[in-house]
Amino acid sequence: MGPARAQVGAVAADAEGVTRAGELSAADRRARACSGLTSRLILSYVEREGGGHAVEQMLARSGLGPQEARLRDENAWFDFDTKMTLWAAAEEVLGDPRVAEHAGEAILDFSLGDGLKRAIQALGTPDMLFRNVVRANSKFNWAHRLDLVQSSPGRVRLRYVDLSGVGYHRYDCEYTAGLLRTVPQLFGLPPAQVHHPRCGARGAQACEFDVTWVSRPLAQRTAVGALVGAVAGLTVAGAVAVPVLLPAAAATALAGGAALALRRASLASHRMRALEREVHQQKEASTRMASSLGDLSAELRLDEVLEKVMAHARLAVGGTELVLLLRDRQAMDLDRHTGVPAETLAALERWASDQADALRAAPVVVDDTASAPGLESLATDPQLPIGSVCAASLTYRDEQLGTLIALAAGATVFLPHDSTALGSYAAQAAIAISNARLVERLERQAGEDALTGLANQRAFHQACVGEASRVGRHGGGMAIVALDLDHFKPINDVYGHPFGDEILRSVAEAVRESVRPHDTVSRLGGEEFAVLLPGADASAARAVADRMRAAMGAILVGGRPLSCSAGVAAGRGAAVDPEQLLRRADRALYTAKARGRNRTVVHDPRGPGRDPAEALDELLSDGGVVPIFQPVVSVATGSLVAYEALARFPALPEHPAQEVFDAARRAGAGARLEAAALRAALAAGPPPPGILLNVNLSLSALCDDEAWAALPEDLSHLVVEVTEEEALVSETEVERALCLVRERGGRVAVDDAGAGSAGLRQLVQVRPEVVKLDRSLVRGIASDPARQALAASFAGFAEQTGSTVCAEGIEDIDDLRALTALGVLFAQGFLIARPGPPWPGVDGSVLEAAAAPLHAGVRVIEPAPFSGPSRGGARDILERMAAVTGAVETEMWAHDALSGELVAVQAQRSGPGARLPLAARPAQAHVLRVGDAGQVLDYDDQACPAELAELAAAGCRAALLVPIPPGPGARGVLICRALSARGWGPDAIARAESLAAGLVGDLAGSAAQA
C-alpha cells in the first residue's frame, strides 16, 4: 500500500513566481540555496580533476577551509552567497569556465546522493521524474523552484523561478543543465539534450529549459522503422533499378543497418552502465542499511536504541529534521527530535494522535502543511518553517509503539520512494524498540529484591552509575550510605530464619520511610543495605544515616532495640566514581563496626582511605609494589605446578589491588604500574625447579615498551596472564605482542574467563595455552547447574584447542570436586593455599581429598557417559585418537591371558609381536582389570615408575591408558603419550574410550597373528 498524501503536486504560484505567504520566507529560502549534496559534489569533482591540492586551493581562495567537514555533509545547507563563492573558486582553480555544467554532468560518477538516486530510479521513467521535478529540485535548492510547464513523450519544458530575491546566476543555469542531462542515464538511456532559450541571468524574468531525450519505446520504434525501411529500399532497388545500381542500393541498406546496429549498441551500452551504477548503488545502500539495522538489533538498552533510531533514520529519507514520538496510552508523546521548536512539536503530537489509524495503514505524506488541518502553524513558524511532512508508524505485532516523522522546510519535497523507505525503516526500528522494552521490563523485574521489594544490588549499581553521569554533566553532588545490622546472625540462630526475614522487611520499610521519594534504597544482600542520595553532601547524608538508624531502633527483638552501623561517602562534580564512592562507604561502615558498632562514620578523603591516584608517585617508587605468590596445583595429582604473582601496595593497605590498577589506568599510568609490579615479581628470583611463574599484564601493558623492558629474554618459565581492562590497542598490536611472547618460549593465559571482560572474542583472539576461570564463576559451582554448564563449555573449548583450564578463587572442597568432574585440570584459591612471600606451600590434605584417585600409580578420573564404540578402520580410529588426546605416540597392546603377557600390536619402539610381562606394568594391569582409563603425568610423585620411565624414553610428559574395550575384563590397552603435561578431562577420556572400543576387532586379529 502506498503512502497517503494530503496534497500532491507543485505549490501554486502567481505570475511573478512567488509562493503563498504561508510557506517560507525569502530569508529562509536564501539560507537554504545550496544543499550539502551540491557542496560535496563540487569538492569531489575538483578533487577528481585537480587532486587534493586543488581542493585545498579552492577552500583557501573561497575562505571556506574551516567548513570543509560541513561542506562534505550531504545533510547540511548553505546560503546562496556561499554556493556562488564555492563555484567561483572551483572555476578559478580548474580554469574551467563551465565547471558547474561539467560537475552536474558528472554527478553519476560519484558515490553521493545515493538515496536521492534510488528515489528517482524508483519512479521508473524520466517522464515520471519530471512530473515530480518540484520535489526533486527541493533536494538541492530552496531559493529557486523548478516547475514543469509542458510535457510530451521524450520532451519537457521546465521553468526555473527565483523565490528568494537572490536573482539568477549562470552557475545555477549551467549546473541545472548539467544535472538535467543525467536524468535519462539513471534509467539506462543516453544523456538528454538540454536547450536554454530563456535565461534569468541574461535579463529574462525566469529561466526555461527544453529537455529532450530518447525514451525506450521510441528507441525501439525507431530501430524497427529503420530496419523495415532498409529492407524495403533494398527490395525496390533490386526490382526496378538497373543492375549496376544494385551494389549502391545494397550499400545504402547495409549502411542503414550498420547505423541501426550502432544505435542499438549505444543504447545497450547506456543501459549496461546504468545497470552497473544501479547495482553499485543498491549494494552500497544495502550495506549501509544492513549496518544500520544490525546496529539497532545489537543494542538492547532502550535509550541507546532510540538514539540509534534517530541517528540512522536519515539513511532512509536524507537530510531532513526528525521527530520521534512514542505512544503513551492513547496519545503520541515526544521522545526526542533534531532541534525542532516546541510549538511545532506540540502540533505534531496532536496531529500524530489524530492520524494514528491512517498511519497504521501506511506512511502519510503532507505536501503542504499550510493547507493541512492541525499543521497550518508549522509553515509560518519563525524559528523553523515546515512545509512538508512524511510520517510512518512504529508498529510491531499490531502494537503501535509510536511515530517517526521527517520534516522539510519546503512544500512538495518528499518523493514516493522517501515514504516507502521511511516506512520500511520504521518497521525495523519498531522491532528494535519492542525488544528493548521487553529487556527493560525484564531488567526492572530482575532489579528487585524478592524479600523486601527494595532495589537489589544490580539495580542499585545502575542507579549509582546513572546519577554519577548526571552529576558529571550538570554538576552537584551525590552520597551513598551503607548500612549493616549489628549482630544479625544470632537473631536467625535464636528465632529462626522466618523471623529474621520479617525483621529484614521491617528494616526495609523503616529505611524507605526515612528518605525522600527519589532516593534509591537497596538491599545488597543478607543484612546489608545501601541508600543513594542524589544531591546530598556528606553532612546531609550523615543526618539521613542517623535518622535511618533511629528508625531501626524502634524495631524490637526480644524486647531490645535493633541496632545498625552506617558508613557515609559523598562526592561532587565530574570526578565522582560510583564504584569508588560505594567502596568508600563500605570502608567507613567497617570502621564503624571496628569502633564498636551502633554508630555512623563518614569517609574522610584525607584519611587512610585516600584515592589511589593521589599516591601514584609513591607506588611507582622502589618498594611501592610488594609481590606475593599463590600456588597453582594440578587437580588430578595434587602437585604444585606454578605460582601466580600478585601485587600488594603497602601505601594503600585498605585498597584492593584491582582498584589501584584501575585508578592508575584512569590517570594514564596503568602500563607503568603494571611494569613496576612485573619487575617486583621477577626480583623475587625464580620459583623452585620445574615450577612456572604466572605474571599479570593487561593487553595495553603487553603492547607497551616499558613492560617489555621488564621481561627477561627467556620466557620459558613464565605464563603471561592477559586481561582485557580497556580497548586501547589494536588487534594487530596484540597479535604481534602475543607472537613475541611465544617466540621467547612463554605461554599465554586468559584471565577472568567467565567474567564480563573476557568473552569468547578474546579467547579466539588470544588463543591461550591456559584459560583461567574467574572466581565469580567458580564460587558455588557445586550447586549451580548454570555455572557448571558454563565451566563445561570452557573445558570443552580447552579440549578442542589444546589448552588447559585453571579455576581461581577455590574456597570450598565441594566446588573443587565439581570442577574436577567437569574437566578443570588446575586450581588455586584460599582452600589450597593463601598468597604469601616466596614460596608458600600447599595444604596437602585438601589436595589429597580432591585429587583423582590413585591406583597402581595411575590417576583415574570418572569419564563422561560412554556413547558406544566408534565406527571405522583402525587407521582412521587411531588418527582420530591422536586428534582427541593430542598424542604424538600411540601404542596398542593385546593381553595374552594364558601367558600373562602384553603383546605389541602397534609399538614404535618395540615393534609388532614384542612381548612384555604384565607384572612389569602395574598401571596397565590395573586399567585392564577394572576397565577404566587412567593417566600418568610426569610431575606426579606417586605415578607408576615404569610408566614414568616410558614417558622419559619417549620425550613425553603425559600418558593416557585406555582399556580396549572399556569395562572389566578388557582385552588390551591403548597408550597415548603427549608432549604436554596438561592431562585429560572427563569429556576427552569418554571420547577416547569410545574410539578405543572400535579397535576390538583389530586387536583380536593382530593378537592371534602374534
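The axes of α5 (residues 80–94) and α10 (residues 170–182) cross at roughly 75 degrees and come within 10 Å of each other. This is a predicted model.

Me: Are α5 and α10 roughly parallel or roughly perpendicular to each other?
Reply: Start with the crossing angle, which is roughly 75 degrees. Angles of 65 to 115 degrees fall in one class. That's why α5 and α10 count as roughly perpendicular.

Me: Which residues of α10 make the contact with α5?
Reply: On the α5 side you'll find F80, K83, M84, W87, A88 and E91. The residues of this contact divide into six nonpolar, no polar and four charged. Facing them from α10 are R170, Y171, D172 and Y175.

Me: Which residues do ring pairs link into a cluster with W87?
Reply: W87 belongs to α5's side of the contact with α10. Ring pairs tie W87 into a cluster, and its partners are Y171 and Y175.

Me: How do α23 and α24 lie to each other, roughly antiparallel or oblique?
Reply: The axes of α23 (residues 657–666) and α24 (residues 670–683) come within 7 Å and cross at roughly 140 degrees. To count as roughly antiparallel, the angle has to be over 145. So α23 and α24 are oblique.

Me: How many residues of the contact of α23 with α24 are charged?
Reply: In this contact V660, F661, A664 and R665 of α23 meet G670, L673, E674 and A677 of α24. Five of the contact residues are nonpolar and one is polar. The charged ones number two.

Me: How many aromatic pairs does the structure hold?
Reply: Rings of Phe, Tyr and Trp pair if their centres lie within 6.5 Å. On that basis the structure's aromatic pairs come to eight.

Me: Are the rings of F130 and W213 stacked or tilted?
Reply: Their centres are 5.3 Å apart, with the planes at 40 degrees. Stacked would need planes under 30 degrees apart, and edge-to-face over 60. At 40 degrees, then, the pair of F130 and W213 is tilted.

Me: What about W839, the ring partner of Y643: is W839 buried or partly exposed?
Reply: The rings of Y643 and W839 have centres 5.1 Å apart and planes at 45 degrees, so this pair is tilted. Y643 is in strand β21 (residues 640–648), and W839 is 196 residues away in the loop between β27 (826–827) and α32 (844–850). Y643 is buried at 3% relative accessible area. Buried means under 20%, so with 23% relative accessibility W839 counts as partly exposed.

Me: Which residue lies over the face of F830?
Reply: Here a charge sits over a ring, which takes NZ of Lys or CZ of Arg within 6 Å of the ring centre. The distance from the ring centre of F830 is 4.0 Å, and the residue is R834.

Me: What is the distance between the C-alpha atoms of A566 and A530?
Reply: A566 is in strand β18 (residues 564–572) and is buried, with a relative accessible area of 0%. Beyond its neighbours within four places in sequence, A566 has contacts including V481, L483, R549 and T600. A566 and A530 are 36 residues apart along the chain, and their C-alpha atoms are separated by 9.2 Å.

Notes: Residues are numbered from 1 along each chain as its sequence is written. This is a predicted model: local features need pLDDT of at least 70, side-chain atom pairs count only at pLDDT 80 or more; totals for chains, interfaces and linings use all residues. Side-chain values use heavy atoms; hydrogens and water are left out. Rings of Phe, Tyr and Trp (its six-membered ring) pair if their centres lie within 6.5 Å; planes under 30 degrees apart count as stacked, over 60 as edge-to-face and the rest as tilted. Helices (H or I, at least four residues) and strands (E, at least two) are DSSP runs, numbered from the N terminus. Buried means under 20% relative accessible area, exposed over 50%, partly exposed in between (1.4 Å probe, protein chains only). A charge sits over a ring if NZ of Lys or CZ of Arg is within 6 Å of the ring centre and within 35 degrees of the ring normal. Axes are lines fitted to C-alpha atoms, for helices over the stretch in contact, and angles run from 0 to 180 degrees between N-to-C directions. Angles under 35 degrees count as roughly parallel, over 145 as roughly antiparallel, 65 to 115 as roughly perpendicular and the rest as oblique. Contact means heavy atoms within 4.5 Å. Ala, Val, Leu, Ile, Met, Phe, Trp, Tyr, Cys and Pro count as nonpolar, Asp, Glu, Lys and Arg as charged, and the others, Gly among them, as polar.
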